[in-house]
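User: I would like to learn how to read the features of a protein model, one at a time. Could you walk me through this one?

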Amino acid sequence: MEGARSEGDELIADYVDCLMSLDTNARPGQNDSLILEAPVVEGAADVTVGGGAEMDVMNGFAPSEDPKEPVLGMTFDSDEAAKEFYNEYARRLGFPFRVGRSRRSKGTEEFVVMKRFVCSREGMYRKKQTSSDEATKKRERMSMREGCNAMMEVVRESDHWVVSKLEKAHNHELGTCSKVGYLRARGLLAASEKVTMVSPDGMACLRQNVLGEGGDSQGLLDYLKKMQANDPAFFHAVQVDKNGCVVNVFWADSRAKAGYRHFGDAVTFDTTYKKNKYMMPFVTFSGVNHHLQPVMFGCALLMEETEFSLVWLFETWLAAMGGKAPRSLVTDQNRAMKAAVEKVFPNSCHRFCKWNILSRTKQKLSHAYTEHPTLKDELESCVHESETISTFESTWSSIIDKYDLRKNSWLQAIYNIREKWVPLYLMDTFFAEISPTQKLETMNDFYKKYFNTKTTLEVFLNQFDLSMASRYEDEAKADMDAYLNKATTKTASLIEKQAASTYTKAVFTKFQEEFTESLGYIIQKTKDGCMSKYSITKDEDPSDTFYVTYNASNKMANCSCKYFQFSGILCRHILGVYIIVDPRTLPPDYFLKRWTRKARDDDEDLLQDNNNNHHEDSSQSIMSRYNVLCADAIRCAEKGSGSEAVYKAAKDIIQKAYEEIIAYERNPGREAQRDAININEDVTVDDTMNDQSMPDSGRKGDAAIMWSWNIGRN
């Protein structure tokens with residue numbers, strides 16, 4: 001029912017309420033967005049703050065008389081909670097603020113003990129003395145400082161923070177400049193940009209360009225046009241508001257589409273730009289390839305992380321990827337994200353990113369981590385290394401008791417929603433994670449390498465393209481290495497040899513680890529028959545027992561750990577049983593193509609599936625027919641670029657196919673009796689070129705390449 005709330009929704013609400021202040025450098029959220037759709041209601045019960053997450057900032061505060069106004073003695077769980085409270089207070093009144101001063105403790109273990117939040121007009125501007133040469137190089141920037149004394153100071157007392165100093169009076173008008181300081185302080189608005197600022201007391205519309213230091217929206221459009229010209233299968237979409245202003249932009253090239261076709265079963269939506277207030281609002285869809293390398297499925301400039309914008313972005317991306325949703329999707333956690341995912345990906349398993357939660361746990365428990373240096377490792381080990389749910393829950397409980405953290409609201413909140421982010425509770429869904437500590441490069445890592453506050457949009461996009469080119473080169477090198485160099489086995493087992501010849505090196509290394517670990521388990525048969533059962537335990541840790549069911553008729557097995565369903569690689573428990581019952585080879589169903597050396601090879605099944613999926617649509621719209629032909633062309637490009645010899649042959653064949661299409665277009669009745677145009681020509685590749693460019697396996701039989709191009713009638 002529409003009005004009912006499930007237990008999961010209640011847990012999400014508990015979690016979000018405890019997220020207050022953790023996105024300290026987040027972008028504006030729904031009510032603090034880049035468009036002020038309506039005035040802020042002073043009497044509203046709930047308030048939304050930055051980061052795209054809807055957070056009840058009133059939870060966790062001791063005073064109950066008027067939590068919207070700061071008062072001396074008010075307490076907070078952390079300095080970040082105090083900052084978020086003051087941020088909301090400043091936004092409501094209409095003034096920008098900043099951290100004016102902070103103080104750290106003395107000693108070997110330094111940590112923050114005081115923070116002072118001041119109005120951005122605090123202090124007086126002192127013009128620096130510069131030479132005439134320097135003056136010509138630097139433009140004069142307008143200062144906001146007017147000597148305002150408004151501020152709130154909080155100090156650490158034991159496990160909480162208390163307001164020790166407070167000044168609420170301002171010496172300037174409020175409600176007219178709250179957005180300018182916020183945007184410019186976060187690198188979203190250049191000092192030279194002219195924008196219309198309005199008071200929250202009236203109906204207003206605020207729109208500014210966040211596309212780099214110069215607000216180069218035209219530069220972005222030029223970039224998209226250039227990409228489209230260089231890549232006919234390039235896809236892009238621009239969302240504009242009612243005033244024709246750019247809101248969000250998405251794009252994906254042909255390589256992103258091809259990557260999704262092979263590895264799009266598990267997707268991560270990366271919004272880690274929010275970790276740094278100076279980052280561009282650049283988000284990506286990504287996954288992992290057969291070499292355990294990151295692969296890109298599309299990217300966007302997301303100016304507003306609201307439910308409306310996220311739904312538009314998700315639907316646009318899904319259309320660009322052919323309408324096939326991923327089996328699993330990992331995102332950051334907030335209500336707008338959760339709602340958008342439920343609308344666009346109702347059948348995909350949605351999981352919160354555990355790395356983001358662990359990162360925020362470090363931020364939230366900074367004081368406890370300082371007092372107990374082993375706490376961080378113990379919590380992360382509990383999440384990463386627990387092999388069963390019972391072990392995780394008992395270990396978590398013992399850690400909480402050990403460090404007296406039962407009353408910690410943050411830990412309680414993330415434990416309440418453990419089924420949304422702890423992998424053990426989601427093992428029945430494929431996430432392409434073959435290691436509990438597997439962590440791919442995020443956009444935050446990219447920003448740290450290549451981005452600063454002076455980086456223009458043009459430079460950023462060029463650097464991003466170079467980074468993507470480097471990734472494709474790394475994949476090509478890994479492909480070549482897998483082809484030329486065989487993986488080293490540790491045993492004489494035929495199972496290990498079978499895996500070594502099938503998997504890529506990176507994946508085989510993980511399989512080999514599972515295979516060798518299987519030798520250290522005690523396996524006991526508990527039930528005979530066609531469906532036999534086994535219990536598996538380890539010598540040094542008999543507390544965790546796993547159960548494997550083996551079907552002798554089809555030689556398939558299932559394990560209670562569900563590692564194969566989660567990662568796509570057989571677990572050590574099933575491998576231990578196979579060594580006992582059938583030590584020769586594994587059923588081919590256990591070798592997922594996405595992990596093998598042939599992951600990017602399009603077999604007949606894929607081609608047939610593509611034809612079946614698009615047969616009806618292709619007769620209905622130009623875009624559908626265009627997408628189908630682009631997919632065919634991309635497959636030709638992937639095969640044709642393997643070597644110089646194949647490239648020349650492919651160019652010749654495609655040119656002839658193009659000429660046939662033009663001829664058919666000019667005189668469609670010329671060959672109406674034929675169901676298709678068939679080009680079946682033997683293109684002989686010079687033997688010398690073969691020797692130079694093609695591997696030995698490519699020179700078996702005749703030195704000829706046979707291509708067939710079939711274009712069906714609509």
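This is a predicted model: local features need pLDDT of at least 70, side-chain atom pairs count only at pLDDT 80 or more; totals for chains, interfaces and linings use all residues.

User: How much of the chain is buried?

Analyst: Of its 714 residues, 48% count as buried. As for contacts between residues at least 6 apart in sequence, 63% of them join residues at least 24 apart.

User: Let us turn to sheets. Which strands form the open sheet, and in what order?

Analyst: The general idea comes first: strands of a sheet pair through backbone hydrogen bonds, in a parallel or an antiparallel way. In this case, five strands make an open sheet ordered S1-S5-S4-S3-S2, with antiparallel pairing. S1 (75–76) and S2 (97–104) stand at the edges with a single partner strand each, so one side of each lacks a neighbour in the sheet.

User: Which helix packs on that sheet?

Analyst: Helix H2 (residues 79–93) does, touching S1, S2, S3, S4 and strand S5 (160–167). The direction of H2 makes about 10° with that of S3.

User: How many bridges join S3 and S4?

Analyst: Five bridges pair S3 (residues 112–119) with S4 (residues 151–157) in the antiparallel sense. Within this pair, Phe117 has Met152 of S4 as its bridge partner.

User: Is Ala82 buried or exposed?

Analyst: Ala82, a residue of helix H2, has 0% relative accessibility and therefore counts as buried, the cut-off being under 20%. Leaving aside residues up to four places away in sequence, Ala82 touches Phe76, Phe117, Met152 and Val154. Pro70 is twelve residues from Ala82 in sequence, and their C-alpha atoms are 9.7 Å apart.

User: Now the hairpins. Where does a positive phi occur in the hairpin of S6 and S7?

Analyst: Look at Gly244, whose phi is positive, near 80°, in a hairpin with five residues between the strands. S6 (residues 235–240) and S7 (residues 246–252) run antiparallel and are joined by six bridges. Across the pair, His236 stands opposite Trp251 of S7.

User: And which residue takes a positive phi in the hairpin of S13 and S14?

Analyst: There it is Gly529, with phi near 110°, and three residues lie between the strands. S13 (residues 521–527) pairs with S14 (residues 531–538) over six bridges, in the antiparallel sense. Lys525 finds its bridge partner in Tyr534 of S14.

User: What angle do helices H12 and H13 make?

Analyst: H12 (residues 389–402) and H13 (residues 409–416) pack at about 175°, their axes 12 Å apart. Angles over 145 degrees count as roughly antiparallel, so that is how H12 and H13 lie to each other. H12 contributes Phe392, Glu393, Trp396 and Ile400 to the contact, and H13 contributes Leu411, Ile414 and Tyr415. By class, that contact has six nonpolar residues, one charged and no polar.

User: Finally, how many disulfides are there?

Analyst: A disulfide is a covalent bond between the sulfur atoms of two cysteines. With a cut-off of 2.5 Å between cysteine sulfur atoms, the count here is zero. Among the cysteines, Cys299 is buried, with a relative accessible area of 4%, and Cys382 is also buried, at 2%.

Technical notes: Residues are numbered from 1 along each chain as its sequence is written. Side-chain values use heavy atoms; hydrogens and water are left out. Axes are lines fitted to C-alpha atoms, for helices over the stretch in contact, and angles run from 0 to 180 degrees between N-to-C directions. Helices (H or I, at least four residues) and strands (E, at least two) are DSSP runs, numbered from the N terminus. Angles under 35 degrees count as roughly parallel, over 145 as roughly antiparallel, 65 to 115 as roughly perpendicular and the rest as oblique. Contact means heavy atoms within 4.5 Å. Ala, Val, Leu, Ile, Met, Phe, Trp, Tyr, Cys and Pro count as nonpolar, Asp, Glu, Lys and Arg as charged, and the others, Gly among them, as polar. Buried means under 20% relative accessible area, exposed over 50%, partly exposed in between (1.4 Å probe, protein chains only). Two strands pair if DSSP finds at least two bridges between them.
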